[in-house]
Structure formats: C-alpha cells, structure tokens
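Here is a short report on a single structure.

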Amino acid sequence: MKVHVVWGSVASGKTTYVVENRKDNDITFDFDMIMRTLSGFDAHTKNDNIISYVLAIRQLIIDKLKTEEKLDSAWIIVTYVDDAFKEKFSGFK
C-alpha cells in the first residue's frame, strides 16, 4: 500500500492531479468532496458543524489503510499538513 498525501492551497490543482494520476484500484479521500457530499454546499464551502464528521471519515480511512492488502494506493487530499497529521502515517512503510 502506497499512500500519497497531496496538499496545497485551495484551488491549486490537488484534485486534478489526483484524478490524472490515480489508478482503478486506488482509493481517494478528498476533504472538499466529502464536505460537499455531507453538507450539500458548493465546492470549497464549509459547514464548521460538519468538519468533525469529515475528519472522522478521514481517520477511519487512514486506520483501515494500515492493514489494507487489496488496494494499490491511497490518495489523501488536504490543504494543510502539520506534525499531528504526519504522525497518523507512522504505521506505514
């Protein structure tokens, strides 16, 4: 399992990059898409009351990836990376 963390500012092309590079047997987490799905808002519009749900989904995916054997790669799209976020990937090779 290879995990790609793609990060950068809003509208910098992160999602486009992932769409162009991901393969059929990969999984993608896109904060903005999950927020959009859960809130019903337009892209890049956030509901602060839903952020904890989106982050819980992300954490669930990261935890599951640690034992994943069937998928090839994961793409995690975020706008900000700090030490706490990096620590979430300590169990990966």
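## The nonpolar core

The largest nonpolar core has 15 residues. Phe29, Val54, Leu65, Ile76, Phe85 and Phe89 touch the most other members. A nonpolar core here is a set of buried Ala, Val, Leu, Ile, Met, Phe, Trp, Tyr and Cys residues joined through side-chain atoms within 4.5 Å. Buried means under 20% relative accessible area, exposed means over 50%, and partly exposed lies in between (1.4 Å probe, protein chains only). Two or more residues each come from α2 (31-39), α3 (51-65) and β3 (73-78). The biggest share is from α3, with 4 residues. Helices (H or I, at least four residues) and strands (E, at least two) are DSSP runs, numbered from the N terminus.

Phe89 touches Val3, Val5, Ile62 and Ile76, leaving out residues up to four places away in sequence. Contact means heavy atoms within 4.5 Å.

## Basis of the model

This is a predicted model: local features need pLDDT of at least 70, side-chain atom pairs count only at pLDDT 80 or more, and totals for chains, interfaces and linings use all residues. Residues are numbered from 1 along each chain as its sequence is written, and side-chain values use heavy atoms, with hydrogens and water left out.

## How α2 meets α3

The axes of α2 and α3 come within 10 Å and cross at roughly 125 degrees. Axes are lines fitted to C-alpha atoms, for helices over the stretch in contact, and angles run from 0 to 180 degrees between N-to-C directions. The angle makes α2 oblique to α3. Angles under 35 degrees count as roughly parallel, over 145 as roughly antiparallel, 65 to 115 as roughly perpendicular, and the rest as oblique.

From α2, the contact uses Phe31, Ile34, Met35 and Leu38. From α3, it uses Ile51, Tyr53, Val54, Leu55 and Ile57. The contact residues comprise 9 nonpolar, no polar and no charged. Ala, Val, Leu, Ile, Met, Phe, Trp, Tyr, Cys and Pro count as nonpolar, Asp, Glu, Lys and Arg as charged, and the others, Gly among them, as polar.

Ile27 sits in strand β2 (residues 26-30). Its relative accessibility is 27%, so Ile27 counts as partly exposed. Beyond its neighbours within four places in sequence, Ile27 contacts Arg22, Leu65, Leu71, Ser73, Ala74 and Trp75.

Ala11 lies in the loop between β1 (2-7) and α1 (14-21). Ala11 is exposed, at 68% relative accessible area. Most residues other than glycine have a negative phi. Ala11, not a glycine, has a positive phi of about 60 degrees.
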